[in-house]
Amino acid sequence: MPYAPELRFVPIAALLATLLAGCSGTTDASGSVEVEAGPIALRRLTAEQYERSIRDVLGDHITVTSRIDPDDRRDGLLAVGSSFASVTPSGFEKYEAAAAAVAEQALDEAHRGDLVRCEPSGVQDDGCARAFVERVGRLLLRRSLTPAEVEARAAIANQAADELDDFHQGLELALTSLLVSPEFLFRVEIAEPLPDDPTKMRLTSVSMASRLSYLLWDTTPDDELLTAGENGELVDENGLALQIERLLGAPELETGIRALFADMYDFKQFDDGLVRKDAALFPVYTQPLIEEAKEQTLRTIVTHVTAGDDYRDLFTTPESFMTRRLGVLYQVPVPTPNGWEAYRFPENTMRAGILTHASLNALYSHPGRSSATLRGKFVREVLLCQDVPTPPANIDFSIVENTMGELRTARERLEAHVSNDACAGCHSLMDPVGLALESFDAIGMFRTEENGVQIDTSGDLEGVFYDDAAGMGRALRNHPSLGPCMVRTLFRYAVGRQVEASEEPLLEYLGRRFEVSGYSVTELLREVAMSDGFRTTSGPRVLEESGDAS
């Protein structure tokens, strides 16, 4: 399917129709599993993907200063919301301003030599401009540019260079036009008929390069992966497997693991400064502290996952990391004055597993108090993939919010609150789990009492009884839905949409493979990337179904 050069932003619906038209059909699955894969759609780069892709292509020194349109979180994932996100007129102005600033940094006198690999013969040098556009444009747009596209952008560079009397300022204009291209701002996935069955569709090899890179590294494809895509190697199982192994074995996998779990746990709230606490009640709480708390959890996850350890053990492991600042919150001595050190929580601290980390307990709390309900909801919805209905609009929360009344503990207040039948059904799911974490206050500091009353952290998870947070972590670790939920979430993250009914057998198959692997997340990534659910499609998403033009 030919590409048309675009030097201005085009409507998303028109771009979708142009690039994805004609894709339809179903596929056979890998192994004995039959699956009709779901649709594809344009996916706007998240803020982190946008910045990371720019820095990986143009240089680590780049700072993206302009704020762009906010990410869209749907069905619990930014990865799903990205396929519904568009660009507003004001948003495009922000992208344009950011692109101009990035281009200026990339081609300043100190760094232009890294990108411009030819010496211009004068104010205008058509050959040098073309070489720059071809090489950098290929990496930014994640495909080779057509001759017409190269010519159009080289013309921009030459005209601007002539008017500004500066070759490199001319290149800045060409680079800016690349950075506001829909094919940079959006991940464009194109399908083609299977060679042996034209009624079924697969992603093209070039599209697979982007899909694979953003899954495993959360950034644009490097030159080797893009070359493999352009050579048709990523629609061949052996060629695809070779690239998957390379990406899984590279240091950049850490970035991909971080992005996956940060999206699952909604850690973007930390980045956006949305996790605020009452300074009078929690004077130790600062933005640097909570940033380190987030990093502690992600560092623990990355170390665990990249070692091939059992995913389920994340919720029981005492192994973690600590800084001196976090030592104040956790009330433990930290010998290292600056930076991180490995740390193992002693058994008598009641901390075991990431659910006892300050990050998650602070994130799923209110500014002035802990929240057993928010914490329990997180476990049920995010870790077990269970639906918790939205509470009715007329529910009275005054009993729960009154921490200074006669009901002194969260357990007492919640028990009074759920005496209302309209509340009991949902709270019976969330509260027993969340109450196990009540020994951690709204910033995750350990406590034994609330308002002078001993905290009761006992409860049960589907009939498995526990006394405290560590016991709840063990019950969660062995819950039959924990592994399948991780499979479902990772698959949705990989394909950027909800699971189709026709894909349920594939998820069951992936769940069995996950179990056989000893619940290795890296093995699950490999299985998902090799599956036909990841490699094939039923065609473009029908616009009427989404209710928008994305």
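**Stop one: a loop residue**

Start by selecting Thr 204, which sits in the loop that links strand 6 to helix 10 (205-216). Before you go on, keep in mind that this is a predicted model. Is Thr 204 buried or exposed? With a relative accessible area of 14%, Thr 204 counts as buried, because the cut-off for buried is under 20%. Now show what surrounds it: leaving out residues up to four places away in sequence, Thr 204 touches Ile 190, Ala 191, Glu 192 and Val 235.

Keep Ala 191 on screen and find Leu 203 in strand 6, which stands opposite Ala 191. Next, select strand 6 (residues 197-203) together with strand 5: the two run antiparallel and are joined by four bridges.

**Stop three: the cores**

Now pick Phe 261, Tyr 265, Tyr 311, Phe 315, Leu 355 and Leu 383. These have the most contacts inside the largest nonpolar core, which has 101 residues. Zoom in on Tyr 311: beyond its neighbours within four places in sequence, its contacts include Phe 261, Leu 383, Met 486 and Phe 514. Apart from this core lies another one, of 46 residues; to find it, select Tyr 50, Cys 128, Phe 167 and Val 180, which are among its members. In soluble globular proteins, nonpolar side chains tend to be buried together.

**Stop four: an enclosed helix**

Select residues 469-477, which form helix 22. How many of its nine residues are buried? Eight are, so helix 22 is largely enclosed by the rest of the structure. The buried ones include Gly 471, Met 472, Leu 476 and Arg 477. Then look at the N-terminal end, where Asp 468 caps the helix: one of its side-chain oxygens lies 3.3 Å from the backbone nitrogen of Ala 470.

**Last stop: confidence**

Finally, colour the model by pLDDT. The protein averages 88, and 86% of the residues score at least 70. Over residues 1-32, though, pLDDT is below 50, and this stretch has 90 contacts in the model beyond near neighbours in sequence. Residues 544-550 also stay under 50, with 17 contacts beyond four places in sequence. Where pLDDT is low, the predicted coordinates should not be read in detail.

Terms used
Residues numbered from 1 in each chain as written. Predicted model: local features only at pLDDT ≥ 70, side-chain atom pairs only at ≥ 80, totals over all residues. Heavy atoms only, no water. Buried < 20%, exposed > 50% of the residue type's maximum accessible area, 1.4 Å probe, protein only. Polar contact = N/O pair within 3.5 Å; in protein donor to acceptor, adjacent residues only side chain to side chain. pLDDT = per-residue confidence, 0-100. Contact = heavy atoms within 4.5 Å. Pairing = 2+ DSSP bridges. Core = buried A, V, L, I, M, F, W, Y, C linked by side-chain atoms within 4.5 Å.
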